[in-house]
Amino acid sequence: MPALACCVDAAVAPPGYAFSGDSSLPAPVPFSGVFPATANTTASAAWSTSLSNELYRIDAWGGPYFTVNSSGNVSVRPYGSGTVPHQEIDLLKIVKKVSDPKSESGLGLQLPLIVRFPDVLKNRLESLQGAFDFAIQSQDYGSHYQGVYPVKCNQDRFVVEDIVRFGKPFRFGLEAGSKPELLLAMSCLCKGNPESLLVCNGFKDFEYISLALMARKLELNTVIVLEQEEELDLVIELSKKLGVRPVIGARAKLRTKHSGHFGSTSGEKGKFGLTTVQILRVVKKLEQVGMLDCFQLLHFHIGSQIPTTALLADGVSEAAQIYCELVRLGAHMKVIDIGGGLGLDYDGSKSSDSEISVSYGLEEYAMAVVQTIRYVCDRRSVKHPVICSESGRAIVSHHSVLIFEAVSASARDVAPSMSAYALQYFIEGLTEEARADYRNLSAAAIRGEDEACLTYADQLKQRCVDQFKEGSLGIEQLATVDGLCDLVSKAIGASDSVRTYNVNLSVFTSIPDFWGIGQLFPIVPIHRLDQRPAVRGVLSDLTCDSDGKINKFIGGESSLPLHELEGNGSGGRYYLGMFLGGAYEEALGGVHNLFGGPSVVRVSQSDGPYSFAVTRAVPGPSCADVLRVMQHEPELMFETLKHRAEECGEVDEDGMANSALAASLARSFHNMPYLSVASSCCLTAINNHGLYYCSEDDYDIVADSGAAGEEEQWSYCCA
């Protein structure tokens, strides 16, 4: 008799259970994971870190910045291919340092956590500059490359300040697309290279253009790029009033575009830019007012994630022709700004057919740009322009890692065992049609007819559900049928073996592009990579929203290879990392369910025993912080609740019971909204306006002074 027939014939019980009186039944084989172990192997035997590297494609999407070390943990290589082994930084050690309580020499911050690596940021910037420098030298190009960072990709103060500082030797500048972005760019570039460009994109009003002209008065190398034709009138009017000679650029709507989501802002019907007709009118108007010499930059943008260098060269060639025509018309052109579009290989496939991959690297990208512009300009006998790009995604994506914890996993459903007498009683309680389905299921199992087994099991289950809805079947019997159907599915290999891992994260806050546009990022366990992953799983976040899950992964997968959680599926400290998310995610994240942003630390390579130093740590927003975002007043809320506690509480002689309750309420306001763990001490109540420092002495001073300040504001707050 087939094994399935034994299971069905013996009991209507779930996997791993037999009914009493039939102990000879073989227990069903449990799901064994992604790579089933053979009789000669165990869960971790014949497994290695190199196999994990291959399984998760870490070298493909993460090289040269991420790898798996000999301990089975993900390591960061802060200087890319120039990193020597002792300089590699173990991500798990960072998590331990950051999340361990202060009493154990940790920082006591709560996860989720963003780890920034300024060394990686510097290396990305230098690599981009180096790629263009090499292309310019090899092509005998007559000018230079001078990039700008579009601050919309990540407006974090320290990210922008790092880029200005790291880019100062090669005149790297900034691009702004709104008034607050312009203000921060102006402030940061005061410490930058005087020749660095400040490119002003986006829709503009009176105040925006006034700010840009003020920036020129402050001797910042500012270029006002026209996105709409009517902006020119404001530029002319205000520049005369302020006595400032502006530098003007124009964004051209090219015919060249690429398909897919990221190409939707390109082409003739794109959201931004001027048509050739409008560009000619701009030239004519500037000539009429004696300001044609102010027209010096041409900007265009094909779209993000340009898939091939062939498409890139096509767009650059079209723009270069427009540039040469503007020179012919008398404009004093100096710069061609090729915009963004330098793509990332998020899945490691190096494919031009995927929206999350590209078929080229930095060197090929730079060479295609330089070759194309040189060819067009040489044919038109036009001086080679300065080449500018706005490659934000390629600069900041690698330097930031989001780390979060799986706090529990779905268990395999089980139902109580049933005696032979109880089984007979259960069957007699079914309708005649349901009993017929059970008999047919048993017969099909004996014959080994898998498809028929599934059909009869489904029919039996539906009939029992109908009986349950009518009130003629109890919940115990319904659970028994569910167990039987699961058993049938697993026995013939038709069951869904994917488990759900519940993670201490909000997808809407930390990975909004996944929810909004289906953008995929590499997600990998950051440790235990020397062990064989035992299951496949999807990730479910903390929000009360069915969209708060991650069920699509790089490589076209609908589940992720994962390890069993320790402690029977709950707890166990299982950490996952989302990589290449340094652009856009933080700026786009919301506060759905009032989950705020993660804690953030900056980690630099050092020559100490752990190869790193935490140079800055910022706790994530507290419950009070996110409540303020929605116009609530936490201090008043606390007073209201404290007053209610005094009314409802049992008052002892010294009032300690009410004090303890009030202190607990205060802690709840000051802690992060995410799940906390017993060994993690969240110090948001003593955060000195949200800043911690890596020096232990400084850290003690900051914590002590911060605690005093909070006690003044929250009289019952006990950190």
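Two strands are taken to pair if DSSP finds at least two bridges between them. In the predicted model described here, strand 1 and strand 2 (residues 74–76) meet this condition, pairing in the antiparallel sense over 3 bridges. Within this pairing, Val 68 has Val 74 of strand 2 as its bridge partner. The two strands belong to an open sheet of 3 strands, arranged in the order 1-2-3 with antiparallel pairing. Strand 1 (66–68) and strand 3 (89–90) form the edges of the sheet; each has a single partner strand, so one side of each lacks a neighbour in the sheet.

Confidence was examined across the chain. The mean pLDDT of the protein is 85, and 83% of its residues reach 70 or more. The pLDDT is below 50 over residues 10–42, a stretch that has 63 contacts in the model beyond near neighbours in sequence. Residues 679–719 also have pLDDT below 50, with 86 contacts in the model beyond near neighbours in sequence.

The largest nonpolar core comprises 154 residues. Those with the most contacts inside this core are Leu 91, Phe 117, Phe 132, Tyr 149, Phe 295, Leu 539 and Phe 579. Helix 12 (residues 362–379) gives the most to the core, contributing 10 residues. In soluble globular proteins, nonpolar side chains tend to be buried together.

Buried residues of helix 9 are Glu 231, Leu 232, Val 235, Ile 236, Leu 238 and Ser 239. The elements that cover these residues include helix 8 (206–217), strand 8 (221–226), strand 9 (248–251) and helix 10 (276–288). Gly 243 follows helix 9 and has a positive phi, near 65°.

Trp 61 is located in helix 3 (residues 58–62). Its relative accessibility is 3%, and Trp 61 therefore counts as buried, the cut-off being under 20%. Leaving aside neighbours within four places in sequence, Trp 61 is in contact with Tyr 56, Phe 66, Asp 345, Tyr 346, Asp 347, Gly 348, His 398, Pro 522, Val 524, Ile 554, Phe 579 and Leu 580. One of these, Phe 579, is also listed among the residues with the most contacts inside the largest nonpolar core. Trp 61 and Leu 344 are 283 residues apart in sequence, while their C-alpha atoms are 8.5 Å apart in space. The side chain of Trp 61 reaches two backbone oxygens, that of Tyr 56 at 2.8 Å and that of Arg 57 at 3.0 Å.

Arg 602 lies in strand 20 (residues 599–605). With 13% relative accessibility, Arg 602 counts as buried. Residues up to four places away in sequence not being counted, Arg 602 touches Arg 116, Pro 118, Phe 158, Asp 162, Ala 613, Val 614, Thr 615 and Arg 616.

Conventions: Residues numbered from 1 in each chain as written. Predicted model: local features only at pLDDT ≥ 70, side-chain atom pairs only at ≥ 80, totals over all residues. Heavy atoms only, no water. Core = buried A, V, L, I, M, F, W, Y, C linked by side-chain atoms within 4.5 Å. Buried < 20%, exposed > 50% of the residue type's maximum accessible area, 1.4 Å probe, protein only. Helix = DSSP H or I, 4+ residues; strand = E, 2+ residues; numbered from the N terminus. Contact = heavy atoms within 4.5 Å. pLDDT = per-residue confidence, 0-100. Polar contact = N/O pair within 3.5 Å; in protein donor to acceptor, adjacent residues only side chain to side chain.
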